[in-house]
Amino acid sequence: MNRYPRDFRGHGPDTPDATWPGGAKIAISLVLNYEEGGENNLLHGDAQSEAFLSDIAGAAPWPGMRHWNMESIYDYGARAGFWRLHRLFTTHNIPVTVYGVTTALARNPEQVAAMKAAGWEIASHGLKWVDHRDLSEAEEAAQIADSFRLHEELTGEPPQGWYTGRCSMNTVRLTAETRKLAWISDTYDDDLPYWLEVGDHDQLVIPYTLEANDMRFATAPGYVTGEQFFQYLKDSFDTLYAEGGEGRAKMFSIGLHNRLIGRPGKIAGLKRFLDYAQAHTGVWFPRRIDIARHWTKTHPHTRFERPSQMTRARFTERFGGVFEHSPWIAERAWDLELGPAHDCATGVHSALARIFRTASHDARLGVLTAHPDLAGKLAAAKRLTPDSTAEQASAALDSLTDAERETFQQLNADYMAKHGFPFIIAVRDHSKNGILAAFAARIANDTATEFSTACAQVERIAELRLKDTLP
């Protein structure tokens, strides 16, 4: 199968109502990344020093060497930044989720004790704060297993959530395949949680953020002052809060790091935002595990037969009649590059319509002539397909008076004699009188114009049929 793996559809045009507890308009998830002591360092068995997310401009890894300045910046996060943030969150009575690098947690027992005492969620941020892109699948799986083991040793319970961050193409699948996690967050692709099907396992994903994130203090373009950070958070909040007031409540993730936002000039912007958000009604500050529990209960996953995963035979069986008596369209559509975006009515219609539109004139004419006359002899003899029967009934064409039936039959005969194919219209878009008016108007068109019009109506009929059975 020629299948494209990326999912550009997500929740689709009609996002679900999050129905947050208490009718909240917005859920704000504060995430504190704890990486100090888990970063690249010769002391940790790594080949080079760390170079990522610090206040050292243009930092580069030092192969085979320790980097005193880099180490001391990370140390600041543990020694000072964490405690400043701990005071801020506990004073504001806001629980947070910690993305804890397991080896960093092992080297910071007082901070772990403080997290637990505050009722914070401690999720896993992987075994080490290093790049995983070059790890083999087996190596990464082994590190994930080690992280689970060490995390439970350190906190007394296994993690319920996971975010690697510097991940590989295998990370999301490998963490989901553990079947141990209530949520994973190595995606940035939505404003709401969603379900990911990994084999026969349904994994909840809570997307994260790299833009409402203090890492922008250490990257370009980024923030320079706490006020800039506050303004970005405020603008994001205002937009999402307004959407929540329109019945489209969203989630707002904010990413934080001890060694960055924990600096005095930067944390001022965060404090100002928390004060601003807490001054509003309908604001929920959950841990990510709270979001996961709510979503799992309120929006449990329901699997359906996905068109992009069907065999050719099943795809043709399911959609071969969408274009009237023309299964060849579905057979050819199956060979297109289908993916998650085609697992809906609009997606399947796009694939089928591409085949129809690029077919020869004679092939398309064959599709037109496969359609029955409106209220014609086949309808009277009850020999229409189930779809055509339901469609004609929707416009009351199955209950015509004798005079109306005679009018339709005469129009059918005149139209067919002039154009060489039946009059086709998406009857579900019209009333009986509207169909008669269109019939009378279109019969006067030239055949080329009417051929194009009929083809467009065939596509519309197919679209409506698909919307009856697919999201």
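Predicted model: local features only at pLDDT ≥ 70, side-chain atom pairs only at ≥ 80, totals over all residues.
The lining of the largest pocket contains 19 nonpolar, 10 polar and 12 charged residues. Of the 41 lining residues, D7, Y194, W195, L196 and P340 lie nearest the centre of the pocket. Strand β6, residues 194–198, supplies at least two residues of this lining, as does α5. The largest contribution comes from β6, with 5 residues.

Most residues other than glycine have a negative phi. N93 is not a glycine, yet its phi is positive, at about 55°. R179, also not a glycine, has a positive phi of about 60°. The table gives the place of each.

| Residue | Phi | Loop |
|---|---|---|
| N93 | about 55° | between α1 (68–91) and β2 (97–100) |
| R179 | about 60° | between α5 (171–177) and β5 (183–184) |

N93 is exposed because its relative accessible area is 68%, and the cut-off for exposed is over 50%.

H151 belongs to helix α4, which covers residues 137–155. Is H151 buried or exposed? H151 is buried because its relative accessible area is 1%, and buried means under 20%. Leaving aside residues up to four places away in sequence, H151 touches T102, L105, I122, A123 and S124, and also G156, E157, P158 and P159.

Notes: Residues numbered from 1 in each chain as written. Heavy atoms only, no water. Helix = DSSP H or I, 4+ residues; strand = E, 2+ residues; numbered from the N terminus. Buried < 20%, exposed > 50% of the residue type's maximum accessible area, 1.4 Å probe, protein only. Contact = heavy atoms within 4.5 Å. 1 Å grid on protein atoms, 1.4 Å probe; cavity = no way out; pocket = protein on both sides within 12 Å on 5 of 7 lines; lining within 4 Å. Nonpolar A, V, L, I, M, F, W, Y, C, P; charged D, E, K, R; others polar.
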